Amino acid sequence: MSNQTHATAATYSIPVAYRKMENLHIVFWLFKDIAWCMIWKPLGVAMIFPTLVISIVIAWRTRQMVSELCHNLAITVWITANSYWMISEFLHFDEHIISGHITYKHLALIPFLLGIGMLAYYYCWYKPRHKGEIETL
């Protein structure tokens with residue numbers, strides 16, 4: 001990379017304290033999903049709180065950048081959907097029918113689709129209208 005290219009290249013940096021929080025978030029998330037897989041109900045349910053809270057804090061800290069905010073909010077609703085689904089299985093109401101072929105597990109689709117909607121907004125509407133902004137590259 002030439003000096004001129006290097007000097008003009010945009011850099012996105014994450015403060016160390018934020019990166020440490022994101023890394024801890026991954027640890028909590030993995031423990032939650034391992035507990036779900038192993039049917040360790042107390043640990044799985046306990047890990048919802050720190051996983052969800054940290055994802056909300058990360059979204060809040062990145063709110064000034066639309067691209068980061070949309071992706072981090074999508075992660076927050078993904079964790080919400082994932083946590084609801086886990087609880088529905090732990091408490092054995094996941095397969096109970098609401099109507100027709102729709103079960104309580106299918107309610108997890110609501111936050112999953114909200115996350116898809118946030119990313120669709122970003123990629124289909126916001127990003128094409130803000131092509132020159134660094135955050136949309």
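**How helix α4 meets its two neighbours**

Start with helix α4 (residues 66-90) and helix α5 (residues 109-129): their axes come within 7 Å and cross at roughly 165°. Keep in mind as you look around that this is a predicted model. An angle over 145 degrees counts as roughly antiparallel, and α4 and α5 are therefore roughly antiparallel to each other. Their crossing is left-handed.

So what touches what here? On the α4 side, the contact includes Val 66, Cys 70, Leu 73, Val 77, Trp 78 and Trp 85. From α5 come, among others, Pro 111, Phe 112, Leu 114, Met 118 and Leu 119, along with Tyr 121, Tyr 122, Tyr 123 and Tyr 126. Sorted by class, this contact has 17 nonpolar residues, four polar ones and no charged ones.

Now look at what α4 does with helix α2 (residues 16-38). The axes of α2 and α4 come within 10 Å and cross at roughly 25°. Angles under 35 degrees count as roughly parallel, which makes α2 roughly parallel to α4. Here, too, the crossing is left-handed.

On α2, the residues making this contact are His 25, Trp 29, Lys 32, Asp 33, Ala 35 and Trp 36. They meet a set on α4 that includes Ile 75, Ile 79, Ser 83, Met 86, Glu 89 and Phe 90. By class, the contact of α2 with α4 has nine nonpolar, three polar and three charged residues.

Key. Residues numbered from 1 in each chain as written. Predicted model: local features only at pLDDT ≥ 70, side-chain atom pairs only at ≥ 80, totals over all residues. Heavy atoms only, no water. Axes fitted to C-alpha atoms, helices over the stretch in contact; angles between N-to-C directions. Helix = DSSP H or I, 4+ residues; strand = E, 2+ residues; numbered from the N terminus. Parallel < 35°, antiparallel > 145°, perpendicular 65-115°, else oblique. Left-handed = near helix turned anticlockwise from the far one by under 90°. Contact = heavy atoms within 4.5 Å. Nonpolar A, V, L, I, M, F, W, Y, C, P; charged D, E, K, R; others polar.
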